[in-house]
Protein chains: 2
Amino acid sequence: MTGEKLPSRSEDFPEWYNQLVLKAELADYAPVRGCMVIRPYGWALWENIQQALDRRFKATGHENAAFPLFIPRSLIEREKHHVEGFSPELAVVTIGGGETLPEPLVVRPTSETIIGHMWSKWIHSYRDLPVLMNQWNNVVRWELRTKLFLRTLEFYWQEGHTAHATREEAEAETRQMLDIYAEFAASEAAIPVIPGRKSEAEKFAGAETTYSIEAMMGDGKALQSGTSHFLGQNFSRAFDVKYLDPAGQLQYCWTTSWGLSTRFIGAIIMVHGDDQGLVLPPRLAPIEAVIVPIFRHDAERAAVLEAARRLRSELVQAGRRVKLDDREGLSPGWKFNDWEMRGVPLRIELGPKDLANRSCVLARRDRPGQPGKSVAPLDELPAAAARLLADIQQSLYDRALAFRQAHTRECRTYGELKAAVETGFAVAFWCGGSGCEATVKEETKATLRCIPLEPAAASGACVVCGRPSGERAVFGRAY
Amino acid sequence: MTGEKLPSRSEDFPEWYNQLVLKAELADYAPVRGCMVIRPYGWALWENIQQALDRRFKATGHENAAFPLFIPRSLIEREKHHVEGFSPELAVVTIGGGETLPEPLVVRPTSETIIGHMWSKWIHSYRDLPVLMNQWNNVVRWELRTKLFLRTLEFYWQEGHTAHATREEAEAETRQMLDIYAEFAASEAAIPVIPGRKSEAEKFAGAETTYSIEAMMGDGKALQSGTSHFLGQNFSRAFDVKYLDPAGQLQYCWTTSWGLSTRFIGAIIMVHGDDQGLVLPPRLAPIEAVIVPIFRHDAERAAVLEAARRLRSELVQAGRRVKLDDREGLSPGWKFNDWEMRGVPLRIELGPKDLANRSCVLARRDRPGQPGKSVAPLDELPAAAARLLADIQQSLYDRALAFRQAHTRECRTYGELKAAVETGFAVAFWCGGSGCEATVKEETKATLRCIPLEPAAASGACVVCGRPSGERAVFGRAY
């Protein structure tokens, strides 16, 4: 429940984040180091994210499945780069049913290997392709420094896996899913993202190319918010995933994988939140509108509550996710603060005066105080609420985009880059060399977030070494 | 894909089951002993089960959350009966990030312990109660004899957990959830079940009372298809889950838990399936109706496919889950068999003659051959399909109920019981003694499935020892 005040977001962003996650009851610390419990309010947010993405995955022909939690260690070791990348992060089951297992079982950190193994049994002919799969599941990576939602030992995500007959088709799939993530982030979460390609140093262990969407948080830092990998034939060769082409020749498949996780909840908190707490985008908010009844004595109470219940059913009828806060013994002001902290986009205030006027007061979460208030006639409430929620959704996006633009600098010199990453993103020409990338990381703590897909390549001088460069990269300090 | 014929269901039920699960592409064996992969067709069935149950859980005030996969061994050991019951079945992580862990982590076999631990942090006052939670997740139990869907090391389920201020409220919740399972089984899966109380020997490790729904499979054996546990104060005492009552006194909570798992898919297969394959209840079937176009040459092909696509969109508009099988190079007859094997409730055949008559042929999966065929005018297809699907749903239920009734005997003597459990269920008076229960199990391989909630208790002589008894029990051989 609501207790003391949150730390100020501008003064102590990390502490504001931690305390807000706990206080808004999104998540809590589990008794195992680095693990979290996602509480009902946080999980409802995740369910809305799941539905928004799942709809998009199914509309593009993907089917959900469930592959096992445990992977024999020998399977993990089949793809050289993959095992190198993941080995340090594995949780391993060595005892089952009271006995030491003959072969240790890895708790999946991701499922390319076990899926490759199964595909080698299922895929035979070009007629079986493409295979377009996804799963919603939990994975485990033994991280050292953890933070609620952003980096936890166990986390929840979806991992899509597809197999294709040609390189072109697999590359198109990789880009299609990146586009879906970017569109989802913008239109559902009101988060503008930069879709781009990762450098060699930052790509997925076993991928030929990794793409990501990168978002700017409220403190100017970057959060990688979803990734899409073109795996080439690396996994199909390691797991012998082959098909007979129309000419009767055996060919290796071309595969992809792509994922978005509960870390995205961290992005929503850090992009939109303010000193009062969460600010949730209406399209994903577990509660779009909360009705707070206002009364002084029992006679008022009965009339107001009855009207509030009627309003609630009208709004539910209209497809809204609404809560009526009829808790006893709490003042309206206390309730206002509580729901503000929990980020409910719209508050509907209803008291005896409003009832007499056949109207109610609407308060927008994204505009605190008087400027965010308006009055709506009770009969027009469902339409007024729908309009306001759409407007809030758009305003949140506009605000986040303006913030990112204000905190992104085109840098020609290394000095400019160094200054820019103190408060946001630096966009600069980069020669493509991992040496220059490492220099930036070491000296500025900023990493190469991605090589944006747009605008198209141009030419200039590498911001570090000055060599001629054909592409710009985005640098930023990252979560 | 469809290959050789299935074994006959009546001649070799277990082999029919195994081969059907593989052939219908519901699931496959994973590379880890006793684990399975749930393939897209099987997972789509599970998603429909999830939605049907989740709707019911939310309508009764439950909220979803996510508790961690890993439980410190010391937490599991806090409730004496619980640890005794589950110890032999645990999978244990001993290595994380390359190092031996100071305390081994158990992969959850169920979550009462970790949830109890978290509740002790969250629940303080009677105002915090009731707590009504559920999670959809994976759990691991190290089983020795496994079978696809019915018993696997890892399985998927929902586990509901609730905490209440009084014994009465918790008992009512336990029974409410049992009722929801029974109603779900009947109206969504077309499976009649017997809701009842488990004996002491068969109850959940740590429960005060366990209830279950028991279904009869097509071979006369029983499958426990869902359970609801009244946990008394066993877990709240072990985990210190207390609340301040209105009088300011600290009280222990009363808790419940209840679960239904992917084993329910096994029930659907074994209750409704036949020699041709699956027979899925329309309300849960991933595909309610399949359209098979019939043509001999290209001119016919174009016209038929165009009409078939139009039909498909009309049916989708009407809210149906429809597939148009436009695969090339496969005969209509082959497709008929394929979709029969996959259990699609309704087949829509559309050829040039049908088109000329502005009609199509509808074939019911539950009534093979000519008796299950009818003709519907194309303009009335959505309504006709809806009617037929509702009728199929009801017929499946009626058939399953009639089968169970025909294979259930009221038994007065031990000899009658012995004979009855050879082919189905025996209902008999039982003195309540675990000795008599054990005798039946040892001598007949039948277990005491449950003490049915209805009809109400009567009196008679225990079928084993002849002592006076106040209740009847159901005995049967079980999966």
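Predicted model: local features only at pLDDT ≥ 70, side-chain atom pairs only at ≥ 80, totals over all residues.
**View 1. Chain A as a whole holds 14 helices and 25 strands.** The C-alpha trace spans about 80 × 60 × 45 Å along its principal axes. A compact globule of 479 residues would have a radius of gyration near 23 Å; chain A has 25 Å, which agrees. Of those 479 residues, 50% count as buried. Among contacts with a separation of 6 or more, 68% are between residues 24 or more positions apart. The chain is divided into domain 1 (13–272), domain 2 (289–388) and domain 3 (408–476).

**View 2. Eleven strands of chain A form an open sheet.** Their order is 3-7-8-14-11-10-9-22-25-21-20, and the pairing is mixed. Strand 3 (63–64) and strand 20 (408–410) stand at the edges. Each edge strand has a single partner, so one side of each is left without a neighbour in the sheet. Strand 7 (residues 131–140) and strand 8 (residues 154–164) of chain A run antiparallel. Ten bridges join these two strands. Within the pair, A:Val139 stands opposite A:Phe155 of strand 8.

**View 3. Strand 9 of chain A pairs with strand 10 and with strand 22.** Four bridges join strand 9 to strand 10, and the two run antiparallel.

**View 4. Domain 1 of chain A meets domain 3 of chain A.** The C-alpha centres of these two domains lie 27 Å apart. At the contact, 15 residues of domain 1 touch 14 residues of domain 3. On the domain 1 side, strand 9 (194–197) and strand 10 (209–216) are the elements that give two or more residues. Strand 9 supplies the largest share, four residues. By class, this side of domain 1 has five nonpolar, four polar and six charged residues.

**View 5. A:Glu79 sits in a loop between two helices of chain A.** The loop lies between helix 3 (73–76) and helix 4 (80–86). Is A:Glu79 buried or exposed? A:Glu79 counts as buried because 22 C-beta neighbours lie inside 10 Å, and the cut-off for a buried residue is 20 or more. A:Thr113 is 34 residues away along the chain, yet the two C-alpha atoms are separated by 7.9 Å. Leaving aside neighbours within four places in sequence, A:Glu79 is in contact with A:Thr113, A:Gly206, A:Asn234, A:Phe235 and A:Ala238.

View 6. An α-helix has 3.6 residues a turn, so residues three or four places apart point the same way. After the helix comes A:Gly343, with a positive phi near 80°.

**View 7. A:Phe475 and B:Phe475 touch the most other members of the largest nonpolar core.** That core has 302 residues. The close-up shows B:Phe475 and residues in contact with it. Among them are B:Leu417, B:Val421, B:Phe425, B:Val440 and B:Leu448. B:Thr447 and B:Arg449 also touch B:Phe475. Residues up to four places away in sequence are not counted.

**View 8. Chain A and chain B are in contact.** The contact takes 40 residues from chain A and 41 from chain B. Strand 5 (residues 91–96) of chain B gives the most to its chain's side, with six residues. That side of chain B has 28 nonpolar, seven polar and six charged residues. Strand 5 of chain A and strand 5 of chain B run antiparallel, joined by five bridges. In this pairing, A:Ala91 has B:Gly96 as its bridge partner.

Key. Residues numbered from 1 in each chain as written. Chains lettered and ligands numbered in written order. Contact = placed C-beta atoms within 7 Å. Nonpolar A, V, L, I, M, F, W, Y, C, P; charged D, E, K, R; others polar. Pairing = 2+ DSSP bridges. Rg over C-alpha atoms; globule rule 2.2 N^0.38 Å. Buried ≥ 20, exposed ≤ 12 C-beta atoms within 10 Å, placed from the backbone. Domains from an automatic or database assignment. Core = buried A, V, L, I, M, F, W, Y, C linked by C-beta atoms within 7 Å.
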